Amino acid sequence: MLDIITSINSAVNNFVWGWPALVMLSFTGIFMTCLTKFFQVTHIGHWARETIGAIFHDKHVVGHTQDKSISQFQSLCTALAATVGTGNIVGVAGAIMVGGPGAVFWMWIIAFFGMMTNYSENVLGIFYREKGASGEWHGGAMYYLKNGLGAKPGCKALGAGLAALFSVFCLLASFGIGNMTQINSISGNMEAVFGLPNWLTGILLMILAGLVVLGGLKRIALVAEKIVPFMVILYIIGSIVILVTNFSQIGTVFSAIFRGAFAMQAAGGGVVGYGVKLAIEQGMKRGVFSNEAGLGSSVMVHSSSNVKEPVRQGMWGIFEVFADTLIVCTLTAFSVLSSGLVDLNTGVTAEAYQGVALTKANLVSTVFSIHFGSAGAAFIAIAVMLFAFSTALGWSHYGGTACLYLFGEKAAFVYRVIFVLAVFGGAVMGDNLAWEIADTLNGLMMLPNLVGVLALSPVVYRCTQNYIARNLRGEAIEPLLSNYQPRPKPGKKGKKGGKR
C-alpha cells in the first residue's frame, strides 16, 4: 500500500512542483513587488516600525482582546508558529544536501519576492474576511476567492470552485505539512538523542496537542505567544555563536552560495546545468515550505487579528517572511556551510561524522554538537520539538478554518479531534513519505491561491496606495478597510490618518 501511495504522490508532486508552478510562484511575487513599487524595500523603515517596533510602544498591537479576535502580535506568533518549523532546520539541511550551497541563494530570492506575496494575501484576507456566528473573524484564500474573484462578472462559479478546491487541499495539507512532517521530525530526534521510542513520543504529543488544539484559536494564540519568541531568540543566539566561532569562513560560504546558484560549480560534482536546476528547485521548494508565502495558509490566522486596516496586517506578512527565511533559515544555512561537513567546492555533504551517517534530520544537530558537545545535539532536539509542535498548533487552525468553510462550525470541532488523534500516526510514519506528501499538498494549495492573488491584485494596489496617501503623505481621504464597509456618500471627505 505504501508503494502505491508513494508512486501516486510522486506523479502528482512532479506536476504541482514542476517548472510552470515555480514560474507562477515567482511571477506572482515579482508582479506584486513591482505593483507596490518595491514596498518591502522603499518603506522598510515604516513597516519595521509598525510591526516588530510597535510591540514596544503600542498596547493595541500586543494587548489581549476581550472578543473572539486576537492581537496583532498573537496573530504574528501563531503564523510564525506555523512557519518557523522543521523547514527551518531539517528543510534547509535537506536543500543543501540535494541542491548544494546554491540552494540558499534561491531561498533568498523566493523569500524577497515572497514578502509581497504574503503581504498581498494578508491585505486580501482582511479586506474580504467574514465574521462567524460565534463572533470570530474568518478569512483566508477561500474567502477572497469566493467574495473577491467570485464577485467579478461571470466568475461566481470559478471563485466558488477555486475556494472549495483550496479548502480541500488545505484540509489535507494540515495533516501533511502541519502534522505528519512536524511530528515525524520530533519523534525521530527524540529517538536519536534521548532514546525515546516513536510510539511513546506520539502518545505524549497527542495529549499535549489535545490540551491546546481543542481549546480553539484563543488558546492556540496564547501558547504561541509564549513559545515562539523564546524558541526563535534562543535558536538565533546558538546560531550566532557558531557564526562567530567560524567567522573566518563567512566570506568563503558567501562565495560558495553564489557559485552554486549560477552554475559555476554543480552540486555533487555533476553536470553543471543539472546542478543549478537542483539548486533552484530545492531553494524555492524549501523556501516556500518554510515561509509558506504563496500558499495562502498564514493569512487564515492573520485574518483573525483585531486590526481594521488591511495594509497594517499586510506589513506583518512582510516581517513574517523576513524573520522566517532571511533570518532563521539563513542562520541555519551558514551554520551548516561553515561547519566543515559540506565541501564548499563541490557541494557534497560528508556521508558520516564520527561513525554516524548524516541525514537531513541530524545534520544541524551534528553541527551544534561539534560546537557545544552533547548539549548541542540535545538543544537541537528540543528546538525541533518546540518548532515542530508549534507548527502543528498553527496548522490545526488552518485546517479547522478550511473545515469550517466547507462544512460549518460544528464540523470544525470534529476536525480538531481527528487532527489530535493523527499526531500519533505522524510519530510512527516513514520520514521520506511524510515529507514528499507535504511537498505535494503545498503545491496543490498554492495554485488556486495564486490565481486569486493575481486576479485581485488591483484591490491590493488600491489599498496600498490609499494607505500610503493617508499615513505617509497626510492626505485626507476615506480609508479602505473592508469589502463590506459602508460606502461614503459622494463628496464626503474621509479622515486623515489610518485606523488600526
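## Rings, helices and confidence

Phe105, Trp106, Phe258 and Phe262 are joined into a cluster by ring pairs. Rings of Phe, Tyr and Trp (its six-membered ring) pair if their centres lie within 6.5 Å; planes under 30 degrees apart count as stacked, over 60 as edge-to-face and the rest as tilted. The model is predicted: local features need pLDDT of at least 70, side-chain atom pairs count only at pLDDT 80 or more, and totals for chains, interfaces and linings use all residues. Residues are numbered from 1 along each chain as its sequence is written, and side-chain values use heavy atoms, with hydrogens and water left out.

The whole structure holds 20 aromatic pairs. Take Phe175 and Tyr415. This pair is edge-to-face, at 5.6 Å centre to centre and 70° between the planes. It links distant parts of the chain: Phe175 sits in helix α10 (residues 156-194) and Tyr415 in helix α19 (residues 409-428), 240 residues apart. Helices here are DSSP runs (H or I, at least four residues), numbered from the N terminus, as are strands (E, at least two). Tyr415 is buried, with a relative accessible area of 4%. Buried means under 20% relative accessible area, exposed over 50%, and partly exposed in between (1.4 Å probe, protein chains only).

Phe368 and Phe379 pair in another geometry. Their ring centres are 5.7 Å apart and their planes are at 25°, so the pair is stacked. Phe368 belongs to helix α17 (residues 363-372) and Phe379 to helix α18 (residues 374-407), 11 residues apart. Phe368 is buried, at 0% relative accessible area. Phe379 is partly exposed, at 22%.

A charge also meets a ring. Arg129 lies over the face of Trp137, at 4.0 Å from the ring centre. The criterion is NZ of Lys or CZ of Arg within 6 Å of the ring centre and within 35 degrees of the ring normal.

Now follow helix α13. With 12 residues (250-261) at 1.5 Å a residue, α13 should span 16 Å; its end C-alpha atoms are 17 Å apart, which agrees. The expected span is 1.5 Å times one less than the number of residues. Its buried residues are Val253, Ala256, Ile257, Gly260 and Ala261. They cover an arc of only 125° around the axis, which puts them on the same side of α13. That arc is taken from the directions from the helix axis to the C-beta atoms.

Thr464 lies in helix α21 (residues 457-471). Thr464 is buried, with 1% relative accessible area. Leaving out residues up to four places away in sequence, Thr464 touches Thr36, Phe39, Tyr119 and Val311. Contact means heavy atoms within 4.5 Å.

Next comes the loop between α2 (19-35) and α3, which holds Lys37. Most residues other than glycine have a negative phi. Lys37 has a positive phi, near 60°. Lys37 counts as exposed, at 53% relative accessibility. Phe38 is in the loop between α2 and α3, and its phi is positive, near 55°. Phe38 is partly exposed, at 35%.

Finally, confidence. pLDDT is the predictor's confidence in each residue, from 0 to 100. The chain's mean pLDDT is 82, and 88% of its residues reach 70 or more. Over residues 266-272 pLDDT stays under 50, and the model has 14 contacts beyond four places in sequence for them. Over residues 487-499 pLDDT also stays under 50, with 21 such contacts beyond four places in sequence.
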